[in-house]
Amino acid sequence: MFPNIFTRSKIPDELPKSMEDVIKELQGCKTKRLCVKKAYSILSKKYRGYRLLTYLRFFNLFEPNINRIWARTGFLHCVTLNYLMRILLVRSGLFDEGDIRIRWTLVWYISPHQYLNIRLDKNKSINIDLWAKAYHIGFGDYAHGFH
């Protein structure tokens, strides 16, 4: 069960206890937007993106164990951050897989980068890029080009 960087990885049935605790907290959110914002806040306090480590820790992309991924702090690749976000949102019960779209862009016009587009209701969605928060790209925006 590798977090696949090109397609949707299966959301695991068993999760670390502390991750289940976060999910319980998210289940109390009154709106989808509040749930996304809370998950974004929790994940961005624990993890961050770094340009250089994106390349230096290439092999971390293939970590299959959700327990080891969740136990980390600091740097994670964009695809791994998005995997964690998807798990939290879907397991919160407020979202289903179809509400979360994986999107690709280029950072510096050469480096592939993944972010999420999350449907909040029939006519509204929001872009989420946890990796880019370290570069002052905030909630609702995503890294692309030189931005």
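Residues are numbered from 1 along each chain as its sequence is written, and side-chain values use heavy atoms, with hydrogens and water left out. As the model is predicted, local features need pLDDT of at least 70 and side-chain atom pairs count only at pLDDT 80 or more, while totals for chains, interfaces and linings use all residues.

**Overall fold**

The chain has five helices and five strands. Helices (H or I, at least four residues) and strands (E, at least two) are DSSP runs, numbered from the N terminus. In order from the N terminus, the elements read α-α-β-α-α-β-α-β-β-β. Of the 147 residues in the chain, 44% are buried; buried means under 20% relative accessible area, exposed over 50%, and partly exposed in between (1.4 Å probe, protein chains only). Contact means heavy atoms within 4.5 Å. Among contacts between residues at least 6 apart in sequence, 61% join residues at least 24 apart.

**Two helix pairs**

Helix α2 takes part in both pairs in the table. Axes are lines fitted to C-alpha atoms, for helices over the stretch in contact, and angles run from 0 to 180 degrees between N-to-C directions.

| Helix pair | Axes come within | Crossing angle |
|---|---|---|
| α1 (residues 17-27) and α2 (residues 32-46) | 9 Å | roughly 150° |
| α2 and α5 | 10 Å | roughly 140° |

Angles under 35 degrees count as roughly parallel, over 145 as roughly antiparallel, 65 to 115 as roughly perpendicular and the rest as oblique. Helices α1 and α2 are therefore roughly antiparallel to each other, and α1 passes α2 in a right-handed crossing. A crossing is right-handed if the near helix is turned clockwise from the far one by less than a right angle, and left-handed if anticlockwise. Val 22, Glu 25 and Leu 26 of α1 make this contact with Cys 35, Lys 38, Ala 39 and Ile 42 of α2. By class, five of the residues are nonpolar, none polar and two charged. Here Ala, Val, Leu, Ile, Met, Phe, Trp, Tyr, Cys and Pro count as nonpolar, Asp, Glu, Lys and Arg as charged, and the others, Gly among them, as polar.

Helices α2 and α5 are oblique to each other, and α2 passes α5 in a right-handed crossing. On the α2 side are Cys 35, Val 36, Ala 39, Tyr 40 and Leu 43, which meet Leu 81, Leu 84, Met 85, Leu 88, Leu 89 and Ser 92 in α5. This contact has 10 nonpolar, one polar and no charged residues.

**The nonpolar core**

A nonpolar core is a set of buried Ala, Val, Leu, Ile, Met, Phe, Trp, Tyr and Cys residues joined through side-chain atoms within 4.5 Å. The largest one has 42 residues, and Leu 84, Met 85, Leu 89 and Ile 118 have the most contacts inside it. Elements giving two or more residues to this core are α1, α2, α4 (66-71), α5 (78-92), β3, β4 (111-121) and β5 (124-128). Helix α5 gives the largest share, 10 residues.

**Selected residues**

Leaving aside residues up to four places away in sequence, Met 85 touches Val 36, Ala 39, Tyr 40, Leu 43, Leu 116, Ile 128 and Leu 130.

Leu 88 lies in helix α5 and is buried, with a relative accessible area of 0%. Beyond four places in sequence, Leu 88 touches Met 19, Val 22, Ile 23, Leu 26, Ala 39 and Leu 43.

Thr 105 is found in strand β3 (residues 100-107). At 17% relative accessibility, Thr 105 counts as buried.
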